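Work through these exercises with the model open. Try each task before reading its solution.

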Amino acid sequence: MSAAFQEIRHLKSLVGETVSLRGWVRNARTSKTRFIELRDGSGFVQCVVGANEADAESYETAGKLTQESAISLTGLVQQHPKTGEPEILVKSLQLLAPSVDFPITPKDHGIEFLMDNRTLWLRSKRQWAIIRVRHEIVKAIRDFFDTDGFTLLDAPILTPSSCEGTSSLFETDYFHEGMAFLSQSGQLYQEPGVPAFGKVYCFGPTFRAEKSKTRRHLTEFWMVEPEMAFAGLEDVMHLGERMVKFILQRVLEGRQEELKILERDTAPLEIALNETFGRMSYTDSVEKLKTLGSDINWGEDFGNDDETILMNATDRPLWVHRFPKSFKAFYMAFDPTQPDLALGADLLAPEGYGEVIGGGERASDIDYLLAQIEHHGLNRADYEWYLDVRRFGGVQHGGFGMGLERAVAWICKLPHVRETIPYPRMMGTLRP
RNA sequence: UCCGGUGUAGCUCAGUUGGUUAGAGCGCUAGACUGUUAAUCUGGAUGUCGGAGGUUCGAGUCCUCUCACCGGAGCCA
């Protein structure tokens, strides 16, 4: 940005000085004194155009501004007489580029209309706040792993076979190989990184062609997946808890303005940051659910209602661990003290947000893994490279995956994940 | 995929037991007025009533099919 122009985010320290700004008109209220809400991407500021303070031509221009016109202006930074926030007393103002009939007006709009106009919707204050919180969370995740000795090991997006089920894969032609699939998870590619680098993570988009239309599902979503050597279930839960707290701390420190725009009550986030997360075995949680009125039986996975019932009874994130092996992935290690249990854990977020992390200890015994591959009807030949992790110095290891959008939705307290990513991809949404 | 719901102006919606010329607010436009902040006030322009078919003297309204979207379920991060 040219040195001649200031960014709005710096105005607090420039009260009393004359500055030049450029940006877009969020709203203009025309009257004898004219008020322009200006945004430049770094923040928002009210600009006051008075007949006596501004030159005649600028005053005239200010009276005819339309929503989202691009302008530049010069004026004195002063404090708003009522709010005390910085505002600009304009001396001169120029129209840089007009904007005609901007579709997203200051009144209410339906979600379909807003999604159709997603590119323009991103200019709104609320979307601005959400995307900036998302950015903060992404940066916090990277900083957390980078400073904790993890090496970034990017997983491929085009893959020859599925990691989990085969029912939810996007397919594409791949030359002489025939079909390739968009990755559902980078995990299988992280495990070989364990003996190579000790601690690794990947963080990128993953794809699931599930025909699910809920507030918690996207067909393209971002996942961070760490994997550690010599790590059991306890280590995995400990790592996940530290990571979530690190994220919360960064957001609460650095994104107060955005959380305020979103009217996010930060008290629940502070509890999650400061208190130890709850822990409950699957078996205990089924018993608890029964006393709370659920009709769940041991051996069944939680329904959406079950997660809600369980989380209404607590004010902090909850680890649910040691699920029945039957509904978990083939690569999960089993509990030696109770072999029908998988050494897995899910982290449920409070306030109705449900599962944000899923992970656990991986099976390290090759014979067990071979049996699991057969039991799940998978093609062994596709997994030889994965089995090599066990053949050549296979040790205990584990990790987890966290869905970025679910974390963003929880931290921002959004009703739907579609607002947590700039361009959401869902069952019925491919454009813009 | 299943269950439920909604499609009317650029946007958000109202529209009675089927009845004559389809309404409001916002936005737009012309003006008034004011340290305003979803500003306010006065005037003005704006419609393939999602699409196709049917019932009827007559359909925005009833029926059938269809498309789109919304909410929920299952599945999952």
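Contact here means heavy atoms within 4.5 Å. The model is predicted.

**Exercise 1. Which residues does phenylalanine 145 touch, not counting residues up to four places away in sequence?**

Step 1. Select Phe145 and look for its contacts. They are Phe150, Tyr201, Val224, Pro226, Leu239, Met243 and Phe400.

Step 2. Check burial. Buried means under 20% relative accessible area. Phenylalanine 145 has 0% relative accessibility, so this residue counts as buried.

Step 3. The largest nonpolar core has 62 residues, and Phe145 and Met243 touch the most other members. Helix α7 (residues 233-254) gives the most to this core, with ten residues. A second, separate core has 21 residues, including Val19, Ile36, Val45 and Ala54.

**Exercise 2. Classify two aromatic pairs by their ring geometry.**

Step 1. Recall the cut-off. Ring planes over 60 degrees apart count as edge-to-face.

Step 2. Take phenylalanine 144 and phenylalanine 145. Their centres are 5.1 Å apart and their planes stand at 80°, an edge-to-face pair. Phenylalanine 144 is buried, at 5% relative accessibility.

Step 3. Take phenylalanine 203 and tryptophan 222. Their ring centres lie 5.9 Å apart with planes at 85°, so this pair is edge-to-face.

Step 4. Locate the partners. Phenylalanine 203 is in strand β10 (residues 199-207) and tryptophan 222 in strand β11 (residues 220-229), so the pair ties together parts 19 residues apart in sequence.

Step 5. Phenylalanine 203 is buried, with a relative accessible area of 6%. Tryptophan 222, at 28% relative accessibility, counts as partly exposed.

Step 6. Widen the view. The count comes to 19 aromatic pairs. One aromatic cluster is formed by Tyr189, Phe330, Tyr331, Tyr383, Trp385 and Tyr386.

**Exercise 3. Why is helix α14 (residues 404-412) described as largely enclosed by the rest of the structure?**

Step 1. Go along the helix. Among its buried residues are Glu405, Arg406, Val408 and Trp410.

Step 2. Nine of the nine residues of α14 are buried, so the helix is largely enclosed by the rest of the structure.

Step 3. Look just past the helix. Lysine 413 takes a positive phi of about 55°.

**Exercise 4. Describe the second largest pocket.**

Step 1. Start with volume: about 710 Å³.

Step 2. Find the lining. It has 22 residues, and Phe44, Val45, Glu85, Lys125 and Glu257 lie nearest the pocket's centre.

Step 3. Sort by class. The lining has seven nonpolar, five polar and ten charged residues.

Definitions and conventions. Residues are numbered from 1 along each chain as its sequence is written. Chains are lettered from A and ligands numbered from 1 in the order in which they are written. This is a predicted model: local features need pLDDT of at least 70, side-chain atom pairs count only at pLDDT 80 or more; totals for chains, interfaces and linings use all residues. Side-chain values use heavy atoms; hydrogens and water are left out. A nonpolar core is a set of buried Ala, Val, Leu, Ile, Met, Phe, Trp, Tyr and Cys residues joined through side-chain atoms within 4.5 Å. Buried means under 20% relative accessible area, exposed over 50%, partly exposed in between (1.4 Å probe, protein chains only). Helices (H or I, at least four residues) and strands (E, at least two) are DSSP runs, numbered from the N terminus. On a 1 Å grid over the protein atoms alone, a cavity is a set of points where a 1.4 Å probe fits but cannot get out, and a pocket is an open set with protein on both sides within 12 Å along at least five of seven lines; lining residues have an atom within 4 Å of a point. Grid points are joined across faces, edges and corners, and a volume is the space filled by probe spheres set on the points. Ala, Val, Leu, Ile, Met, Phe, Trp, Tyr, Cys and Pro count as nonpolar, Asp, Glu, Lys and Arg as charged, and the others, Gly among them, as polar. Rings of Phe, Tyr and Trp (its six-membered ring) pair if their centres lie within 6.5 Å; planes under 30 degrees apart count as stacked, over 60 as edge-to-face and the rest as tilted.
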